[in-house]
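Here is a short tour for anyone opening this one up for the first time. Have a look at the structure below, then read on.

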Amino acid sequence: MADKYVGRRVKRTEDPRLIKGLAHYVDDVRLPDTLHVAFVRSVYAHARINGIDTTEALKAPGVVAVYTGKDIAEKIGPVPCASALPGLKVPDYRVLAQEKVCFVGHPIAAVVATDPYAARDAIDLVMVDYEDLPVVVDVEAAANGGPVIYEDFGDNIAYKLTAGEGDIEAALSSADRILKQRVVHQRLAPIAMEGRGVLARYFPGEGELTIWSSTQIPHLMRTQVALMIGIGENKLRVITPEVGGGFGSKLNIYAEEALLGWISMQLNKPVKWIETRRENMQATIHGRGQVGYIEIGCKNDGTLTGLRYNVFADLGAYHQLLTPAIPTLTGLMLSGAYKIPAIQINVTGCFTNKMATDAYRGAGRPEATYVVERALDLVAAELGIDAAEVRRRNFPAPNEFPFHTATGLEYDSGDYETALNNAQALIGYSKLREEQKKAREEGRLIGIGISTYVEICALGPSAAMPAGGWESATVRIEPTGKVTVMTGASPHGQGQETSFAQIAADELGVDLNDVTVIHGDTGIVQYGIGTFGSRATAVGGTAMLIAIQKLKEKANRIAAHMLKCEASNLAFEGGRYSLRAARAAAATGTSDPVVPVGEAPGGALPEPQTEGKSSLTIQDVALAAHLAKELPPDTEPGLSATYFFEPKNFTFPFGTHIVAVEIDRDTGDLKFLRYVAVDDCGKVINPMLVDGQLHGGIVQSVGQALFEEVVYDEQGQLITGTLMDYAVPRAAHIPWMELDRTETPSPVNPLGVKGVGEAGTIGATPAIVGAIVDALAPFGVKHLDMPVKPEAIWRILNA
Amino acid sequence: MKKAISVDVNGVAYENEVEPRLLLVHYLRDTLGLTGTHIGCETSLCGACTVLIDGQAVKSCTMFAVQATGSSIKTIEGMANNGDLHPVQEGFWEKHGLQCGYCTPGMIMASAQILDRNPQPTREEIRHGLDGNLCRCTGYQHIVEAVEYAAKKVSGAG
C-alpha cells in the first residue's frame, strides 16, 4: 500500500493551538484558590546552616506557611538517582537542605502565600544563619584532594570506572605516533524556554493527588514522587500539559515536584511554583562538564590503533536522576565512526559545589564525538593527511555491519562513506580547499571543519537502561470510527502528535485528522517511559505500529465474520476490508456504496449494514465491535490493542557535517561561510520535522562551540545567572544550514527509524571547532577549548 | 494603594484597579486571563512576553501595567482575524517555525512588527529584527523562512 502520509512533509496538528496562544503550559493551568510557592535558596556554595528563623516571614501579608528542612526530614524521601554503578557514593539529597547547603541555589525553605508577589516578598524575610565552608569548584582540584564536601566519604570522588575492550597498552605501543590532547567540555545550561513548573492539587476526600509538571517523564515521575512522599502510586496522577522544551533538563525528578505535592496534601489546596530563569540557571541540571585527556595512537598512513580517554566528570554536589551515568555514555561512543582495535575510558566522577550535571541533549555522546573527532583532526594535522581522507581510511565498510566496537556495542547499520562523499560533493570540497589556499595567500583566514559522527539512539534495551527501555502504546478505534492513540512517550516540541498520526493513518487507511494522539497523562495513558535519548519514534512509534497490527488482526477476524468469509479471504486496503474476489469488481466501479459511520443524522449510531456487501470499512468494523451483536465466537467486544515494545538493540544514526568559517583578522570574530550536513536517521516519517530537529541541534552546537558556558567563580558563585550572562545563540548568529540526507533503515525496529533528536548537538560541535582550528593552522594552532570566543582567537592573532 | 488603569486589549476595553508594581505580563495573564503571552526570563532578554503596544513590540515582563494605561495592546490571542490566521501565524505553521511553541507568541508579535516596519525585509534584516527573541528549539532557520513566507503573502506575491 502506498503511504499517503509517511515520508511526507505534513504540517503539524499541534500548531494551531500554539500559534494562536491557546495552548496550556503549566502556568496556564488555573485552579481556584491556588497558593503560590517561592523558594529561599542558598546564596553560598558550601555552608553549614546553624539556624533558620521564619518568624517574620510567617507574619508577612498573604503568607500561609513556611517549610524548612526540619519539616520534611521525616516526611519526604531523598531526590532519587537511578544509576547504580558499582561503588557509587550517593549523598543524601533532600528536597530542602538539612544541616548544610552544597551549591548556590540549593533549596532551603519554601514560602507558601496567597499570591506569587507575596510569596516572593516573604522569602526575603526568612533569616538563614550560614557558616561558610571551604568550596571546591574545579573538577580536577576535586579529584586531587581539595576541600572535601562529604566528610563521610573521605574524598570528593563519587566513583571510578574503567571500560573498553582490547589491549590498550599494546595498541598504543604498536602505533607509529601517539598524540595527546587535553580537552574541556564546558558546563552548559539546557535553557528550555519554558522553565520548570509544578502545580499540585490534593483531593482530601478521595485521597488523590494530581501533579501538573513540565516534565519529559510523567510515569517515572509518578512512581518516584509517590515513593518520596508516601502516597500510593495509584493515587497520584501526573499530567504534563504543553511542555516548553526539555533537552534533557526535564528528564529528571526534582525536589520541587515532590515538595509541591506534599505541601498540597498538608494544606488541602492547590499549590503552584513556576521557576524563574534565575532559578533555572541555578537549580535545573546542567549538561556536559568534563575535562579529559586524549591519547590516540595511529600508523603513519592514518590507521588508528588505539584510543585512551582519561576523564574527570564534574558531577556537581548531588546526583540527580542520571548524573553518574552520563560519562558512561561517553565511554560507549568512543569508537565514533571508526575501526579502533582498542579503546579504554577511565572515568573519575567528582563532587563539586555546583548544581548537578545530567542529561543535556546528547548526554555524554557529544563529549565522545568531540573527543574522537578532535583526535582524528590531530592525526590528520600530524600526518599531513586531509581531514576527510583520514576519516575515510578508518570507516567500517557497509558490509561490516553489524559492526562490533571496542566499546562493546553492535552498530546496527551504516554507510559512513556515502554520507561523507555526499557532504563533500554538496559543499564542493576540493574547490573549497582551493579557495582556502588562495585566501591564505591573500592573508585571509578561512577554515574547514569536518565531523563524521555516529550516535547511539532509541534508548534502549531495558537491560542497558536504569529504569526500563521499552515503550508502550494503546490504539483504539472508537464507535464513531475516530482513532485514539495513547503513547507512553512524552513529546514536548518534537511533533509526534503529527508523526505518530501519520503512521497510524497510513496503517489504518483513515484520514490524518481522524487520529488523535494522547500523551502525558498518567490517569489516561498506560505506563510509559517517556521522551529522551532520541527514542520516541524508534521505540514508542514501533509500539504503536505493533499495537495497530494487533488491532487489525482482530478487525480482520470480525470483518470476515460479518462478510461471512474466511479471514484469509479478506484484503485490507485504503481503510477497507474487501473480499479478494471483489477487488477486481471494485476497480470497475461496481462495488457497494458504503455509508461511512459517524455521518448518521441526529447523532445516533447507525446499525452496521453488511447484507450483500463484499467490503467493510475499518470504521464499520469498529462500530460492530462495540455493538457486539455479530462478533465471532470468543471475541472480546471493543476494538483496541496495547503493546509494550522492547527493542533488541540501540540504533546508530550517523552523518557528516562540514562547515567553512572565516575569521576576522582584526577582531577575532567568526563568520560562517557554509554549513552542510548530510544526516542519516534511518527511515524518515516527516522530513520537515527531521530538518527542524537537525537545525535546533546544530544551533545548540553553535552555542557550545562559540558562546555558551556556565561559569562559577572560585567561591562557587554562579556568574552566568541570567540570559544576559549566559549567551544563547540568536537568529543573527546562526549559519544558514544546507541539509541533505541518506536513508539507511535500521534493522532494529520494523519502522526502520533510528532517531534524530540529538544528531545536531553530537555532529556539529567538533566540525565548528575543527573549522576554527583549521583557519588558525598557519599560526600553529592544533586545538582550542570551547567556547571559542573572539577574544581567544584575537589573542592568538596578536601573540 | 491600587491604581486605576484603562487599556484596550485586542479590541476590548478593560478598566481595572491594579497594584502599581504589577507587571504588564502578569496583568495580561492573571488579571485578563490571556495566557498566550509567556514569560521566559523576567529580564527582557528572551522576548517570549512580546506584545504590541500602540503598534510597537514591547517586552511585557519589564513594564508595569500602570505604564500601559491609555494604550492599545495586541497580544497573540488578537492576531487572528475572525478565525483567519495572521500571515505570520500562517507562515509559522507552513514553514515549521515552531517546535515546543513557548517562544512562538513572542516571535510572532516581533515578526509582525518587522513586517509592519519593512514589508519586504531581506533575510539578514529578518535575522537582525529577531535579535530580541530567543528560541531554543528551531535553530531559527525555519522561523526566518516563516517570516519570508508572511512577507510574500502580505505583498501579494505568495
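How many bridges join strand S8 of chain A to S13(A), and in which sense do the two strands run? There are nine of them, and S8(A), residues 177-185, runs antiparallel to S13(A). One thing to keep in mind as you read: this is a predicted model.

## A five-strand sheet in chain A

That pair belongs to an open sheet of five strands in chain A, in the order S7-S15-S14-S13-S8, with mixed pairing. S7 (157-163) and S8 of chain A sit at the edges with a single partner strand each, so one side of each has no neighbour in the sheet. On average, neighbouring strands here are turned by 10° against each other, ignoring direction.

Helix H11 of chain A, residues 365-383, packs on this sheet, where it touches S8, S13 and S14 of chain A. The direction of H11(A) makes about 140° with that of S8(A).

## A closer look at S13

Is S13(A) mostly covered or mostly open? It's mostly covered: this strand spans residues 290-298, and seven of its nine residues are buried. On one side, A:Ile296 in S13(A) is the bridge partner of A:Leu179.

S13(A) also pairs with S14(A), residues 304-316, in the antiparallel sense over nine bridges. There, A:Gly297 has A:Gly306 in S14(A) as its bridge partner. The hairpin of these two strands has five residues between them, and in it A:Gly302 takes a positive phi near 95°.

The largest nonpolar core has 315 residues, and the ones touching the most other members are A:Val111, A:Ala504, A:Met544 and A:Val621. Helix H16 of chain A, residues 536-563, gives the most to this core: 15 residues. As background, nonpolar side chains tend to be buried together in soluble globular proteins. Setting aside neighbours within four places in sequence, A:Ala504 is in contact with several residues, including A:Val475, A:Val515, A:Met544 and A:Ile548.

A:Val621 takes us to helix H18 of chain A, where it is one of the buried residues. H18(A) covers residues 618-627, and eight of its ten residues are buried. Those buried residues pack against S19 (471-477), H15 (496-508), H16, S23 (576-579) and S24 (615-617) of chain A.

## A proline in a loop

A:Pro80 lies in the loop between helix H3 (69-72) and strand S4 (100-101) of chain A. Why does A:Pro80 count as buried? Because it has 21 other C-beta atoms within 10 Å, and the cut-off for a buried residue is 20 or more.

Leaving out neighbours within four places in sequence, A:Pro80 is in contact with A:Gln224, A:Ile253 and A:Leu321. By contrast, A:Asp124 is 44 residues away from A:Pro80 in sequence and 30 Å away in space, C-alpha to C-alpha.

## Where the two chains touch

Finally, the contact between the chains: it takes 42 residues from chain B and 40 residues from chain A. In chain B, helices H2 (87-94), H3 (104-117), H4 (123-129) and H5 (141-154) each supply at least two residues of the side that touches chain A. That side of chain B divides into 21 nonpolar, 15 polar and six charged residues.

How values were computed:
Residues are numbered from 1 along each chain as its sequence is written. Chains are lettered from A and ligands numbered from 1 in the order in which they are written. This is a predicted model: local features need pLDDT of at least 70, side-chain atom pairs count only at pLDDT 80 or more; totals for chains, interfaces and linings use all residues. Two residues are in contact if their C-beta atoms, placed from the backbone, lie within 7 Å. Helices (H or I, at least four residues) and strands (E, at least two) are DSSP runs, numbered from the N terminus. Ala, Val, Leu, Ile, Met, Phe, Trp, Tyr, Cys and Pro count as nonpolar, Asp, Glu, Lys and Arg as charged, and the others, Gly among them, as polar. A residue is buried if 20 or more other C-beta atoms lie within 10 Å of its own, exposed if 12 or fewer, and partly exposed in between; C-beta atoms are placed from the backbone. Two strands pair if DSSP finds at least two bridges between them. A nonpolar core is a set of buried Ala, Val, Leu, Ile, Met, Phe, Trp, Tyr and Cys residues joined through C-beta atoms within 7 Å. Axes are lines fitted to C-alpha atoms, for helices over the stretch in contact, and angles run from 0 to 180 degrees between N-to-C directions.
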